[in-house]
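Subject: Structure handover

Hello,

Here is the structure you are taking over. My notes on it follow below.

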Amino acid sequence: WGTVLWNGVSVTGSGAINITGTSGGSGNGNGGNNFGTVIYNNVSVEATGTGTVTISGTSTNTGTGTGNTGVWLTDYTGNGASIISDSGDISITGSTGGTDSSSVGFYSSENTNASITSTSGDITLTADTMDYKSSMQSSGALKLQPETATTTVGIAGGAGTLNLSTDEIGYLQNGFSSITIGKADAGAITVGGSDTFNDDLNLITDSTIAINGALTINDNMSM
């Protein structure tokens with residue numbers, strides 16, 4: 001593994017908190033040895049005041065072994081794993097070279113005590129692939145965007161390398177000033193089925209946008 005925050009570690013500061021991890025390996029290695037940055041079980045990373053949190057993780061394993069993940073936020077025991085800020089921004093970037101379907105840029109576990117929360121800062125998740133089950137909340141802006149140019153985006157069952165399921169959209173708590181999916185150099189965005197967004201929604205791409213399902217937007221939408 002690269003950088004690991006494990007079992008009861010607390011990182012708190014009023015300035016910029018920067019955490020970076022890289023794991024090596026190649027071939028069909030076991031994913032358990034190829035996480036870039038791990039935030040695991042009863043761990044908090046918290047920036048107070050205007051302090052920011054920047055987390056990046058890279059798994060350089062290029063094989064078909066499972067779970068080669070860039071950034072892994074997990075709470076398997078119910079004791080919490082959280083990334084927090086007051087008014088400062090939170091930025092998380094995850095990269096993986098793995099080809100197995102369980103190898104993703106950003107992963108968070110299924111327990112509800114894993115969370116990414118800011119009072120008013122922006123939250124930005126950047127990864128070509130994501131599989132998250134953690135709550136996200138802020139009164140600032142949320143961006144979910146691919147890392148690599150031309151990466152396609154799928155929403156609610158739509159085809160795309162960066163694929164955001166209906167369940168994943170459901171973890172986005174009401175109250176963001178806006179939600180942006182994609183970015184200026186992203187590939188095609190495809191909405192495959194119905195979904196609901198409680199906040200302003202922006203879909204951004206350098207390619208096409210196909211909406212094949214009913215989107216319910218409780219605020220405004222732009223494309």
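Two strands count as paired if DSSP finds at least two bridges between them. Helices (H or I, at least four residues) and strands (E, at least two) are DSSP runs, numbered from the N terminus. The model is a predicted one: local features need pLDDT of at least 70, side-chain atom pairs count only at pLDDT 80 or more, and totals for chains, interfaces and linings use all residues. Residues are numbered from 1 along each chain as its sequence is written, and side-chain values use heavy atoms, with hydrogens and water left out.

The sheet

Eight strands make up an open sheet with parallel pairing, in the order E3-E6-E9-E12-E15-E18-E21-E24. E3 and strand E24 (221-222) are the edges; each has a single partner strand, so one side of each lacks a neighbour in the sheet. Strands of a sheet pair through backbone hydrogen bonds, either parallel or antiparallel.

Strand E6 (residues 53-59) can be followed in more detail. Strand E3 (residues 17-23) pairs with E6 in the parallel sense over seven bridges, and threonine 58 in E6 is the bridge partner of threonine 22. E6 also pairs with strand E9 (residues 90-96), in the parallel sense and over seven bridges. Here valine 53 is opposite isoleucine 90 in E9, and isoleucine 55 is opposite isoleucine 92 in E9.

In a regular strand the side chains alternate between the two faces of the sheet. The covered face of E6 has Val53, Ile55, Gly57 and Ser59, while Thr54, Ser56 and Thr58 are on the uncovered one.

Salt bridges

A salt bridge is a side-chain nitrogen of Lys or Arg within 4 Å of a carboxyl oxygen of Asp or Glu. By this rule there are two salt bridges. For accessibility, buried means under 20% relative accessible area, exposed over 50%, and partly exposed in between (1.4 Å probe, protein chains only).

Lysine 133 is partly exposed because its relative accessibility is 22%, and aspartate 131 is partly exposed at 27%.

Lysine 183 forms a salt bridge with aspartate 185, with the closest N and O atoms 3.8 Å apart. Lysine 183 counts as buried because its relative accessibility is 19%, whereas aspartate 185 is partly exposed at 31%. Lysine 183 sits in the loop between strand E18 (178-182) and strand E19 (189-191). Leaving out residues up to four places away in sequence, lysine 183 is in contact (heavy atoms within 4.5 Å) with Gln145, Pro146, Glu147, Ile204, Thr205 and Asp206. A polar atom of the lysine 183 side chain lies 3.1 Å from the backbone oxygen of proline 146.

The start of the chain

Tryptophan 1 is in the segment before strand E1 (3-6) and is partly exposed, with a relative accessible area of 35%.

Valine 9 is in the loop between E1 and strand E2 (10-13). Valine 9 is partly exposed because its relative accessibility is 30%. Valine 9 touches Asn42, Val43 and Ser44, again without residues up to four places away in sequence. The C-alpha atoms of valine 9 and valine 43 are 5.0 Å apart, although 34 residues separate the two along the chain.

Regards

Definitions and conventions. Polar contact = N/O pair within 3.5 Å; in protein donor to acceptor, adjacent residues only side chain to side chain.
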